[in-house]
Amino acid sequence: QVQLVESGGGLVQPGGSLRLSCAASGSIFSIVAMGWYRQTPGKQRELVAYITSSSNTNYADSVKGRFTISRDNAKNMVYLEMNSLKPEDTAIYYCYADIRSSLWLRDNYWGQGTQVTVSS
């Protein structure tokens, strides 16, 4: 089994910054990709950013130029640096990972979510 544990959410003023972290642990053979999604009440979960094992990245248009995703392969961790935060960035942020537990087993995993609130 695989577990994802997020940290780093909180309350920040508009224009401020936060850094989210996510650690993967458990039965990990290799990590194909890791990323972040977010969700607000009444809306579907949306992709924020992801990064592959070869460090290719993809960002939602709404966060390009403000958010940066990175990963530490040795520690099985992914980070999301969020700058110039806006009230519309307020959401629960979920860590996501596409993980191989073996050469034949591959699945998607989610963290429990961390609240990010941008408000003055």
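Arg-106 is partly exposed, with a relative accessible area of 47%. Here, buried means under 20% relative accessible area, exposed over 50%, and partly exposed in between, for a 1.4 Å probe and protein chains only. The model is predicted: local features need pLDDT of at least 70, side-chain atom pairs count only at pLDDT 80 or more, and totals for chains, interfaces and linings use all residues. Residues are numbered from 1 along each chain as its sequence is written, and side-chain values use heavy atoms, with hydrogens and water left out.

The side chain of Arg-106 forms a salt bridge with that of Asp-98 (2.7 Å, N to O). A salt bridge is defined as a side-chain nitrogen of Lys or Arg within 4 Å of a carboxyl oxygen of Asp or Glu. Side chains of opposite charge can pair when their charged atoms come close. Asp-98 is buried, at a relative accessible area of 9%.

## The salt-bridge network

The whole structure contains six salt bridges. A network of such bridges links Arg-38, Glu-46, Arg-66 and Asp-89. Within it, Arg-38 meets Glu-46 (2.7 Å, N to O). Glu-46 is partly exposed, at 38% relative accessible area, whereas Arg-38 counts as buried, at 6%.

Arg-38 also meets Asp-89 in a salt bridge (3.0 Å, N to O). Arg-38 lies in strand E4 (residues 30–39) and Asp-89 in the loop between strand E8 (77–82) and strand E9 (91–100), so the pair ties together parts that are 51 residues apart in sequence. Strands (E, at least two residues) and helices (H or I, at least four) are DSSP runs, numbered from the N terminus. Asp-89 is buried, with a relative accessible area of 1%.

## Strand pairing

Strands of a sheet pair through backbone hydrogen bonds, either parallel or antiparallel. Two strands are counted as paired if DSSP finds at least two bridges between them. E9 and strand E10 (residues 106–110) pair in the antiparallel sense over five bridges, and they form a hairpin with five residues between them. Ala-97 has Tyr-109 in E10 as its bridge partner.

An open sheet of four strands runs in the order E1-E3-E8-E7, with antiparallel pairing. E1 and E7 stand at the edges with a single partner strand each, so one side of each has no neighbour in the sheet. From one strand to the next, the twist averages 15°, where axes are lines fitted to C-alpha atoms, for helices over the stretch in contact, and angles run from 0 to 180 degrees between N-to-C directions. E3 and E8 pair over six bridges, and Leu-20 stands opposite Leu-80 in E8.

## The nonpolar core

A nonpolar core is a set of buried Ala, Val, Leu, Ile, Met, Phe, Trp, Tyr and Cys residues joined through side-chain atoms within 4.5 Å. The largest such core has 30 residues, of which Leu-4, Met-34, Trp-36, Leu-80, Met-82 and Tyr-93 touch the most other members. Elements giving two or more residues to this core include strand E1 (2–7), strand E3 (18–26), strand E7 (67–72) and strand E11 (114–118). E9 gives the most, with five residues.

Leaving aside neighbours within four places in sequence, Leu-4 is in contact (heavy atoms within 4.5 Å) with residues including Cys-22, Met-34, Cys-95, Ala-97, Tyr-109 and Trp-110.
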